[in-house]
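Thanks for coming. I will walk through one protein chain today, starting with the overall picture and then taking a few parts in turn.

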Amino acid sequence: MGIFVGKTLRFIDLFCGIGGFRIAADIACRERQLSAHCVFSSDIDPDAQHAYYSNFGEKPAGDITLIATEDIPDHDILFAGFPCQPFSICGDGKGFDDTRGTLFFDIARILADKKPSAFVLENVKQLRGHNEGKTLARILETLAELGYSTDYKVLNALDFGVPQKRERIFIIGFKKQTNFCWPTGNIAMPPLASILESEVPDFYYASDKIRQNRLDKREGKPTLTEPTIWHENKGGNISALPYSCALRAGASYNYLLVNGERRLTEREMLRLQGFPDSYKIACKYQATRKQAGNSVAVPCVAAVVGAVLDSLLAKTVQPSVVKNAQPQAQANFIFEPSSTYTI
Ligand SMILES: C[S@@+](CC[C@H](N)C(=O)[O-])C[C@H]1O[C@@H](n2cnc3c(N)ncnc32)[C@H](O)[C@@H]1O
């Protein structure tokens, strides 16, 4: 299968954003004495490209829809946290053609041509139920037509050692049938205080009016001694939690307020996603806020990538990220590869 030649994992980082998958792949590889080599990355957003370049020394290629598969190097694993654009896949039985015009189509055409041994896709949890489940079914069917055994699961970053509730669907696939066990996480949530900065400039503080509004909405509720993040839901209700709700790229500025008073700093947002403090903040507040909201919870992705590597290596490894895990359930492969699919 040519995998891990010279103990090196060659991967591509599609819709790479600021490189959450790349850091996760590095962690998972290091835990298995493999080296990780990113052979291609792509993101259309100039700010994300700048952040990626500042941290990894490589400028990602741009719009993936304009990149021919011949221009993408061979690789062992494809990673894609593809955008949760309004899914236009209708699931009316047209197979691969159904996915044309969506960014999933570009993932599928790369898999069809480059045939990596495995892939890991990530998206919002809502993909599971979109269009009464038909969208996900079409995606899985297309992947099976391409010759991949697939499975999917919704995982929550809170179970993987970051104080952020972030539920995301992961879809994994293998070219050859393998045993695959999803990581369960079960890692204790660190206290919110561990990701908060001690000195925060005035810029981050909400106006007196907003702060008073939050206090009014929580009137009569118990006084809190530990740090909390106040989350405003769609109905305008405020909950004060010892963890953050999911960072979101397009949320209002006051959607999450530390102790009901201030916005999260760029470093705090990256910490909530499990990025190391060595990660350079290369863009201004607004761009970094969008990037962090779009990114992934690194420890959660590292656990999934690690589980995929373990399957490919076909050995039982207990990476530190899942060391407290309960016995893991074996995946049920939902769609077996059917025939070889060519475009
Ligand atoms: C959900 S984010 C993925 C973030 C990434 N996983 C990370 O760790 O930062 C989706 C990314 O897809 C990028 N994108 C959207 N359309 C694209 C296209 N046509 N070609 C390449 N990238 C695209 C966006 O700019 C965004 O950064």
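Please keep in mind that this is a predicted model.

We can begin with the whole chain. The protein chain has eight helices and eleven strands. It runs to 343 residues, and 43% of them count as buried. Now consider contacts between residues at least 6 apart in sequence: 75% of these join residues at least 24 apart.

Next, a strand with two partners. Strand β4 covers residues 118-124. How many of its seven residues are buried? Six are, so to speak, under cover, and the strand is described as mostly covered. On one pairing, β4 goes with strand β3, residues 77-80, in the parallel sense and over four bridges. If you want a place to look, find Phe79, which stands opposite Val120 in β4. The other pairing joins β4 to strand β7, residues 167-174. Here the sense is antiparallel, and there are seven bridges. Ala118 has Phe174 in β7 as its bridge partner.

Now to another sheet. In what order do its three strands lie? The order is β9-β8-β11, the sheet is open, and the pairing is antiparallel. At the edges are β9, residues 238-241, and β11, residues 256-258, each of which pairs on one side only. From one strand to the next, the twist averages 25°. Strand β8 takes in residues 229-232 and is paired with β9 over four bridges, in the antiparallel sense. Within that pairing, Trp230 has Ala240 in β9 as its bridge partner.

Last, a pair of helices. Two packed helices are described by the angle between their axes and the distance between the axes. Our pair is helix α1, residues 20-31, and helix α8, residues 298-313. The angle is about 50° and the axes are 8 Å apart. Angles under 35 degrees would count as roughly parallel, and 65 to 115 as roughly perpendicular; α1 and α8 are therefore oblique to each other. The crossing of α1 past α8 is right-handed. Which residues of α1 make the contact? They are Gly20, Phe21, Ile23, Ala24, Ala25, Ile27, Ala28 and Glu31. From α8 come Val298, Val301, Ala302, Val305, Gly306 and Leu309. By type, the residues of this contact are eleven nonpolar, two polar and one charged.

That is the end of my part.

Note on methods:
Residues are numbered from 1 along each chain as its sequence is written. This is a predicted model: local features need pLDDT of at least 70, side-chain atom pairs count only at pLDDT 80 or more; totals for chains, interfaces and linings use all residues. Two strands pair if DSSP finds at least two bridges between them. Helices (H or I, at least four residues) and strands (E, at least two) are DSSP runs, numbered from the N terminus. Axes are lines fitted to C-alpha atoms, for helices over the stretch in contact, and angles run from 0 to 180 degrees between N-to-C directions. Angles under 35 degrees count as roughly parallel, over 145 as roughly antiparallel, 65 to 115 as roughly perpendicular and the rest as oblique. A crossing is left-handed if the near helix is turned anticlockwise from the far one by less than a right angle, and right-handed if clockwise. Two residues are in contact if their C-beta atoms, placed from the backbone, lie within 7 Å. Ala, Val, Leu, Ile, Met, Phe, Trp, Tyr, Cys and Pro count as nonpolar, Asp, Glu, Lys and Arg as charged, and the others, Gly among them, as polar. A residue is buried if 20 or more other C-beta atoms lie within 10 Å of its own, exposed if 12 or fewer, and partly exposed in between; C-beta atoms are placed from the backbone.
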